[in-house]
Amino acid sequence: MAFEPPQRLVRALGESAPDGDDWVERLPETAEQAVALRELTVERVQVPGGRSSLVVLVRRADGTPGVLKLAPARARPESERAALAHWDGRGAVQLLEPFVAEGVLLLERLHPDVSVRSLPEAKALLEAAGALRRLWVEPPGDHVFETVAERTGRQASVMRGASAEVAGLVSAALDARESLLAAPPEERLLHGTFRQSKVLSGVRSPWLAVGPDPVVGECAFDLARLVRDRVEDLIASPSGAATTRRRIKRLAESLEVDQERLRGWTLFRAVESGVRALRVGRPKDAELLLEFAGWL
């Protein structure tokens, strides 16, 4: 089978590494080797797929369905592997192989085309929040996961170089980050990139999280990305700003997170994403994100 990377993946990797590397060029050969090593039968490549990895639906030698995931080093697949091993299927997709192969994960098969995002908005938020709660556990004592301070520190350095037209929002976001990091209320293992589309329907559990970019820090940081889910609908609504404030309040209360801390991290993460979208040439996405951030 030809393992042609989906165009969404090619575009996204081009944004994250504009100077390029040879991972995409080597991907067909890497995928063929991973399939042969595990004696897998390939069903299909998942399209449109993700923005950081190739996802292939497979069956193992005993007929068990699975998912083969291949990701470049900059997507931190080994960090994902460590987090999934620590969760051990509690709230998240299960690893199916004990041995380590760099950049390759064999995972249980969920329903790849059925995410929480397919539910009505209120129900989707409820189910997504419930899935997220199960992931917030103590990190391993000897963990090497990136911390919220480290990740946002890298992001903050890039944000400071943003254009003058967004300087006010960037300043507010950086001030919020500095204040939030002064006294974090807890240290938990977080999903890191959680949103509705990262929660898929499963067999052993109704909803399970996939695709973490794990980080260690306070829970409000993880919840912040969920606040802006379906941002295009929020922006299109005349009551979008009021809906956002209600969403922050409802999510904070349901997951026992401080409302102001959630608002602060939501601001930082929205501005960071908006600035990044501007930088890589996605002005429409940037406009939505920065308008949303202005409501906060």
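Which strands does helix 3 lie across, and at about what angle does helix 3 run to strand 4? Helix 3 lies across strand 3 and strand 4, at about 35 degrees to strand 4. The views below take that region and a few others in turn.

This is a predicted model, where local features need pLDDT of at least 70 and side-chain atom pairs count only at pLDDT 80 or more, while totals for chains, interfaces and linings use all residues. Residues are numbered from 1 along each chain as its sequence is written, and side-chain values use heavy atoms, leaving out hydrogens and water.

**View 1. Here is the open sheet of 4 strands, with order 1-2-3-4 and antiparallel pairing.** Helices (H or I, at least four residues) and strands (E, at least two) are DSSP runs, numbered from the N terminus. Two strands pair if DSSP finds at least two bridges between them. In general, strands of a sheet pair through backbone hydrogen bonds, either parallel or antiparallel. At the edges sit strand 1 (41-45) and strand 4 (104-108), each pairing on one side only. From one strand to the next, the twist averages 30 degrees; axes here are lines fitted to C-alpha atoms, for helices over the stretch in contact, and angles run from 0 to 180 degrees between N-to-C directions.

**View 2. Now for the pairings, strand by strand, starting with the 4 bridges between strand 1 and strand 2 (residues 54-59).** Look for Thr41 opposite Arg59, and Val42 opposite Val58. Strand 2 and strand 3 are joined by 6 bridges, with Val56 facing Leu68 in strand 3. Their hairpin has 5 residues between the strands, and Gly63 takes a positive phi near 90 degrees there. Strand 3 and strand 4 share 5 bridges; Val67 has Leu107 as its bridge partner. As for cover, 5 of the 6 residues of strand 2 are buried, and so are 5 of the 5 in strand 4 (buried is under 20% relative accessible area, exposed over 50%, partly exposed in between, with a 1.4 Å probe and protein chains only).

**View 3. Two helices lie across the sheet strands, helix 2 and helix 3.** Helix 2 lies across strand 1, strand 2, strand 3 (65-70) and strand 4, and runs at about 150 degrees to strand 3. In helix 3, the buried residues are Pro77, Ser79, Glu80, Arg81, Ala83, Leu84 and Trp87. They pack against strand 3, strand 4, helix 4 (121-135) and strand 6 (188-190), where contact means heavy atoms within 4.5 Å. Just after helix 3, check Asp88, with its positive phi of about 50 degrees.

**View 4. The second largest pocket holds about 310 Å³ of space.** Of its 20 lining residues, the closest to the centre are Trp23, Thr30, Glu102, Gly103 and Val104. (On a 1 Å grid over the protein atoms alone, a pocket is an open set of points where a 1.4 Å probe fits, with protein on both sides within 12 Å along at least five of seven lines; lining residues have an atom within 4 Å of a point.) Helix 2 (23-37) and helix 3 (77-87) each give two or more residues to this lining, and helix 2 gives the most, with 6.

**View 5. Phe268 is found in helix 10 (residues 259-279).** Phe268 is buried, with a relative accessible area of 0%. Leaving aside residues up to four places away in sequence, Phe268 touches Thr152, Gln155, Ala156, Met159, Ala173, Leu174 and Arg177.

Key
Points joined across faces, edges and corners; volume = space filled by probe spheres on them.
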